[in-house]
Amino acid sequence: MRTKWFFALIGFFMLNLSTNVFGSQVKKWSIYVNEERAKDEAVKLAIADLRAAGFVFNLVDDKTRISAKSILVGSPERNKLVAKLAKSKNIELQKLDDPQGYQLITTRVNGNKILVVSGGSILGDVYGLYWIWDRFKVFGEIPEMNTVRTPKLKNRFTSGNSKAAMQNALRYSANWVWGGPSINQLVPWDNEPERSANAKNRNNLKELIDYAHKLHLKFFVYEDEFSYHPSLMQEFRAKATPSDPAFWDAVQAKYRRLLQVLPEIDGVRIRTGEATRVGGNFEALDVMHDGENCDWSLAKRYRTYVKKMYNVIVGEFDKIYYQRTWVTSAHEQHSMATVYKDIFTDDIPVKNLYLSPYLSTTDRYFHQPYNPTFNLTPHNMFVLLATLDYHGQAGVNICPTYPGSYFQGGLQTILAPKNSNLRGADFGVPGKTDWSTQAVTAYSIYRLAWDPDENVRGIARDYAAMVFGQQAAEPLADILMASAKAYKYGIYIEPAAHGDFRSLPHLRLTTFAAKGLPRLDNGKKHVDFLYNLYLRCKPWLEETILYLDYGLDVAEKMAAKFDSAKPLIANSDLAKKAGDSVNLTFQLIKTNNLYVKTFLSYFAYRENPIAEKKNNLEKLSIRLTESMREFSAAPGCVYRLDGMKQLLVNVDQVLQDLPLAEMKLRSAPDDIGVKKLIAEQQEKSAAVLRQYSNSAVKLLHWKARVDGRDLLKVKANNLEIEPLRFDPIAEMTYEIANPLPGEAVTVIPVNIKSRSFGPFVLEQPTSENDFTAVIYLSDFPRHGYSWWELELYYIEQSPEELGLAVPW
């Protein structure tokens with residue numbers, strides 16, 4: 001009786017007709033679901049999503065007679081009405097061996113249009129409902145459908161860190177999710193505060209795992225390894241090195257204890273390497289490269305690690321072990337077939353072990369071959385399909401990069417062998433369907449995971465229709481199809497895009513970095529970096545420019561195409577955002593074009609300083625300056641142009657006085673000289689602080705994890721971090737003990753903990769910088785984050801009085 005009231009109540013609230021997202025009036029349907037099946041969380045979510053999309057219907061159980069346009073959900077075993085239709089030969093159902101598959105049949109009963117959704121299981125029913133949801137969002141109505149769909153890739157993996165994230169995962173037909181706190185925050189460590197905090201984390205996580213299972217999702221926990229609480233090493237009297245047998249006892253104990261207290265999880269998702277990130281009281285060891293007195297080869301380290309993990313995760317607990325093989329190099333197991341085969345021999349078991357590299361050779365770049373490690377061994381593999389946008393990042397409003405053609409070619413390549421070892425895809429799912437790389441990438445993967453041979457332009461058109469409506473779908477699909485060409489040829493420097501880990505060396509996300517420390521080396525490091533690119537392009541200068549201009553031409557045509565499509569977009573705010581994105585893409589590619597042409601011209605003039613080359617360089621520098629100004633002023637621009645600015649400084653020097661400019665570069669310090677300058681200044685500062693210890697005023701205590709290069713700026717009682725290169729500072733805590741005076745004082749850093757050469761003063765507070773102390777932090781060239789801790793003091797005398805005037 002309670003269930004009938006539920007159906008009646010849902011039907012009451014859906015009686016009124018409403019206008020769907022396409023602005024057309026939708027005639028009411030009825031959806032017939034078995035009462036028990038209607039209680040399933042995944043079924044309820046799919047039905048709720050249909051309603052939220054504007055599809056108007058009554059929800060009815062399968063005991064009610066058909067009296068309107070209807071969707072019948074379930075196989076004959078799960079829906080009485082479907083059983084009747086099958087028995088009366090109104091429909092012909094196929095036997096589905098795949099529980100994820102479904103059959104859609106359109107028929108008519110008593111003049112009423114009937115759409116049958118018959119899945120291989122209740123999950124197949126859900127996927128069928130979501131395909132109807134997809135078609136409704138594309139067309140604004142339910143089209144005629146007669147098809148059988150089964151996914152080519154049976155497992156689809158994404159993040160599920162919340163109920164909302166898991167709902168999004170189901171919408172994109174993901175059936176594996178990873179989420180929750182990291183494994184270090186779940187293991188029952190025998191120390192406080194971790195023991196109590198982790199017990200609470202586990203209780204919270206169990207609720208999330210339960211919800212995942214209700215949505216028919218497998219749930220995984222994750223960690224970058226190897227990381228540990230120091231107490232673990234103490235307990236096993238182990239050294240943090242692979243050559244110590246006690247170390248492996250500690251590794252296995254960590255996972256054994258995890259799985260003992262969290263038997264609900266379905267598996268663990270692991271990545272190992274030099275980029276292991278830890279916080280709090282935890283420490284990390286790069287098992288594959290570090291370890292005191294350990295001369296083990298990479299193959300021995302990796303193979304031992306996988307076997308030890310496997311023996312616990314699969315051998316003892318029969319869970320799934322998912323191992324990402326990525327590493328930040330182009331010569332190890334992720335990118336080299338020979339290295340991979342040396343590791344994953346017959347000695348590594350196959351059952352419940354899944355290995356996952358990127359689709360590309362190293363990372364999410366263009367100009368890279370497909371990863372060569374697929375289909376080399378019988379081990380099950382997932383392909384990691386990531387956004388191809390190292391020329392931007394999430395939240396930056398440039399035109400989306402549509403990866404459909406690249407992904408399709410890769411999937412077809414991997415699946416071509418008869419006994420392909422590809423079992424699934426790993427990808428990110430966004431929180432909404434919008435005009436972004438993240439969203440269009442996820443949608444293309446959703447479609448291609450089911451059918452790798454599907455028309456990729458059709459996928460682009462469907463996506464454009466969902467975002468912009470049917471009228472604008474065709475021209476916006478053209479723009480999406482062109483986007484990869486614009487970025488691949490308009491941003492990348494083709495002759496310099498091959499052979500290294502990074503195919504895009506001069507741009508990372510939204511930063512055109514200036515290499516080295518230009519304040520100290522007059523741009524020498526940056527000039528040397530650009531010179532290396534120049535030499536790689538020099539045999540192919542004409543072709544280099546040809547590719548760049550082709551990319552720019554594509555971007556210009558994209559902008560023109562959007563101008564003609566803009567009147568077809570009903571939502572003016574959406575039209576403006578999309579227009580701004582296409583314009584920002586054009587400005588980015590145009591500015592990059594001029595940056596490359598300018599540094600090529602710079603070196604050509606230095607090699608052959610004739611008037612013609614000087615004039616060409618001068619004209620290009622003027623055009624680059626103007627393009628940088630327009631680009632920076634464009635709506636939504638967050639790009640840093642440090643590398644371009646430094647190039648223009650060096651260009652101006654050679655245009656003003658070439659012999660003097662050459663002399664300055666020759667005499668500028670190299671890396672060793674820069675470190676020596678910094679060390680000398682640090683020594684002088686430490687000596688002055690000792691001398692004035694009684695009068696020095698403590699300004700700041702600061703602690704954080706640093707990945708690359710950043711500026712720490714202090715003004716009065718305010719602190720600001722300006723990121724320069726690589727990932728932003730994390731887990732920052734600080735206390736300003738006293739405000740920095742608004743006058744010329746001398747600031748001295750005290751290094752408590754750091755890597756590289758430690759903190760140093762780049763700028764002392766002066767009237768020119770509004771009395772701001774600028775401290776340079778550099779964790780480069782080490783990979784990954786490390787903990788930094790420092791204090792700042794100030795002395796009331798000026799740097800000149802103390803002999804600490806900044807020499808740069």
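At what angle do helix α13 (residues 456-468) and helix α14 (residues 470-490) pack, and how far apart are their axes? This is a predicted model, in which local features need pLDDT of at least 70 and side-chain atom pairs count only at pLDDT 80 or more, while totals for chains, interfaces and linings use all residues. Residues are numbered from 1 along each chain as its sequence is written, and side-chain values use heavy atoms, with hydrogens and water left out.

Select residues 456-468 and 470-490: α13 and α14 pack at about 130 degrees with their axes 7 Å apart, which makes α13 oblique to α14. Axes here are lines fitted to C-alpha atoms over the stretch in contact, with angles from 0 to 180 degrees between N-to-C directions; under 35 degrees counts as roughly parallel, over 145 as roughly antiparallel, 65 to 115 as roughly perpendicular and the rest as oblique.

Next, show the side chains of the contact (heavy atoms within 4.5 Å), which include V456, A460 and F468 of α13 and A473, L476 and M481 of α14. The residues of this contact divide into 11 nonpolar, one polar and four charged.

Then move to the second largest pocket by selecting T276, A284, R755, Y785 and S786, which lie nearest its centre among 32 lining residues. About 740 Å³ of space lies in this pocket. Colour β12 (283-284), β17 (697-706) and β24 (786-795), the elements that each give two or more residues to the lining; the largest share, three residues, comes from β24. By class, the lining divides into 10 nonpolar, 11 polar and 11 charged residues.

Terms used: Helix = DSSP H or I, 4+ residues; strand = E, 2+ residues; numbered from the N terminus. Nonpolar A, V, L, I, M, F, W, Y, C, P; charged D, E, K, R; others polar. 1 Å grid on protein atoms, 1.4 Å probe; cavity = no way out; pocket = protein on both sides within 12 Å on 5 of 7 lines; lining within 4 Å. Points joined across faces, edges and corners; volume = space filled by probe spheres on them.
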